[in-house]
Each structure stands twice: as C-alpha cells, then as structure tokens.
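Here is a short tour of one protein model. Have a look at the sequence and the 3D view, and then we'll walk through a few spots together.

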Amino acid sequence: MDFKDNTKPIYLQLADRLCDNIICGEYGDDCRLPSVREFAATVEVNANTVMRTYDYLQQSGVIYNKRGIGYFVVNGASKLIRTNRLNTFMNDELPDLFERMKLLEITPTELSDMYTQYCAQQSTINDK
C-alpha cells in the first residue's frame with residue numbers, strides 16, 4: 001500500500017482505508033475483517049501496526065472483537081463513519097476551504113462547476 005500522507009501515522013491511514021472499505025460495502029455489518037496477520041501481509045506493514053489500527057477502530061466503535069475468532073464490523077458502522085467524517089469535514093476542513101476560496105477569489109458558482117466536472121470525470125473513470 002502506498003502511504004501518501006507523511007504527517008499522518010500509518011495506523012491511522014490504514015484505519016481510513018478500512019473505513020473507506022466499510023463505507024463502500026466491501027465489509028458489511030457483522031462482516032469479519034481479515035486477521036491481523038492477513039491484513040499486515042496485504043498492506044506490507046508490521047502486524048503490530050495493524051493491531052494498533054484495529055485497537056483504534058475498536059475504541060472508535062467501528063469494529064468489535066470476538067475473542068479467538070477475529071474482528072468484525074459493528075452494525076451501523078458505515079453510518080457512524082460517515083457522520084464522524086462529515087463532522088470533521090464541516091468543522092475542520094470546510095473553514096480552511098472557504099478561506100482559500102476567499103483568498104483566491106473563487107466563487108461558489110466556480111466551485112460548483114469544478115465539482116460537477118470532477119464528478120463527471122470520476123463517473124467516466126469508474127465506467128471503464
């Protein structure tokens with residue numbers, strides 16, 4: 001796995017990836033996640049890093065552990081993740097975006113047009 005964000009710990013980047021997979025439906029409610037060793041081999045990191053990821057997600061209420069069986073996705077995890085990410089976006093990221101828009105004199109209409117174009121491009125890429 002490519003780790004793009006040098007400022008964010010790898011275990012949190014892995015948590016984001018797993019959350020993305022949960023949101024996209026790869027792992028549904030009560031679905032078993034790969035074992036710590038399996039996931040570590042897949043993403044080519046130390047098993048301790050994956051264990052830290054799983055502990056973090058368990059403390060966040062996204063997954064739970066069945067002792068001796070493995071880790072599973074909590075019912076409603078997708079909604080929980082979306083809600084948490086929306087709150088983070090609205091409170092932490094959006095004010096910075098608005099400030100940059102103001103400084104660069106980007107209008108809401110221009111931003112809307114750019115977003116529409118982006119979505120169209122993504123749709124074309126996903127159709128291939």
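Which loop does Asp29 lie in? Asp29 sits in the loop between H1 and helix H2, and H2 covers 36-43. Before going further, keep in mind that this is a predicted model.

## Asp29 and its neighbours

So what's going on around this residue? Asp29 counts as partly exposed, because its relative accessible area is 45%, and partly exposed is the range between under 20% for buried and over 50% for exposed. Leaving aside residues up to four places away in sequence, Asp29 touches Val73, Val74, Asn75, Gly76 and Ala77.

One of those partners deserves a second look. A polar atom of the Asp29 side chain lies 3.2 Å from the backbone nitrogen of Gly76. Now try finding Thr49 as well: Asp29 and Thr49 are 20 residues apart in sequence, and their C-alpha atoms are 24 Å apart in space.

## Two residues with a positive phi

Stay in the loop between H1 and H2 for a moment, as this is also the place of Asp30. Asp30 isn't a glycine, yet it has a positive phi of about 60 degrees. Is Asp30 buried, exposed or partly exposed? With a relative accessible area of 38%, Asp30 is partly exposed.

Glu44 is another case: it has a positive phi of about 60 degrees and is not a glycine either. You'll find Glu44 in the loop between H2 and H3. Its relative accessible area is 67%, so Glu44 is exposed, given that exposed means over 50%.

## Where H1 meets H3

Next, the helices. The axes of helix H1 (residues 10-23) and helix H3 (residues 47-59) come within 9 Å and cross at roughly 60 degrees. H1 and H3 are therefore oblique to each other, and their crossing is right-handed.

Which residues of H1 and H3 make the contact? On the H1 side they are Ile10, Tyr11, Leu12, Leu14, Ala15, Leu18 and Cys19. H3 brings in Thr49, Val50, Arg52, Thr53, Tyr54, Tyr56 and Leu57. Sort the residues of this H1 and H3 contact by class and you get eleven nonpolar, two polar and one charged. Thr49, the residue 24 Å from Asp29 by C-alpha atoms, is part of the H3 side here.

## Where H1 meets H4

The axes of H1 and helix H4 (residues 77-104) come within 9 Å and cross at roughly 120 degrees. That angle makes H1 oblique to H4, and the crossing of H1 and H4 is left-handed.

From H1, the contact uses Asp16, Cys19, Asp20, Ile22 and Ile23. From H4, it uses Ala77, Ser78, Ile81, Arg82 and Arg85. How do the residues of the contact of H1 with H4 divide by class? There are five nonpolar, one polar and four charged residues.

## Gln13 in helix H1

Let's finish with one more residue of helix H1, Gln13. Is Gln13 buried or exposed? Gln13 is buried, because its relative accessible area is 10%, and the cut-off for buried is under 20%. Not counting residues up to four places away in sequence, Gln13 touches Met1, Phe3, Lys4, Asp5 and Lys8.

Note on methods
Residues numbered from 1 in each chain as written. Predicted model: local features only at pLDDT ≥ 70, side-chain atom pairs only at ≥ 80, totals over all residues. Heavy atoms only, no water. Axes fitted to C-alpha atoms, helices over the stretch in contact; angles between N-to-C directions. Helix = DSSP H or I, 4+ residues; strand = E, 2+ residues; numbered from the N terminus. Parallel < 35°, antiparallel > 145°, perpendicular 65-115°, else oblique. Left-handed = near helix turned anticlockwise from the far one by under 90°. Contact = heavy atoms within 4.5 Å. Nonpolar A, V, L, I, M, F, W, Y, C, P; charged D, E, K, R; others polar. Buried < 20%, exposed > 50% of the residue type's maximum accessible area, 1.4 Å probe, protein only. Polar contact = N/O pair within 3.5 Å; in protein donor to acceptor, adjacent residues only side chain to side chain.
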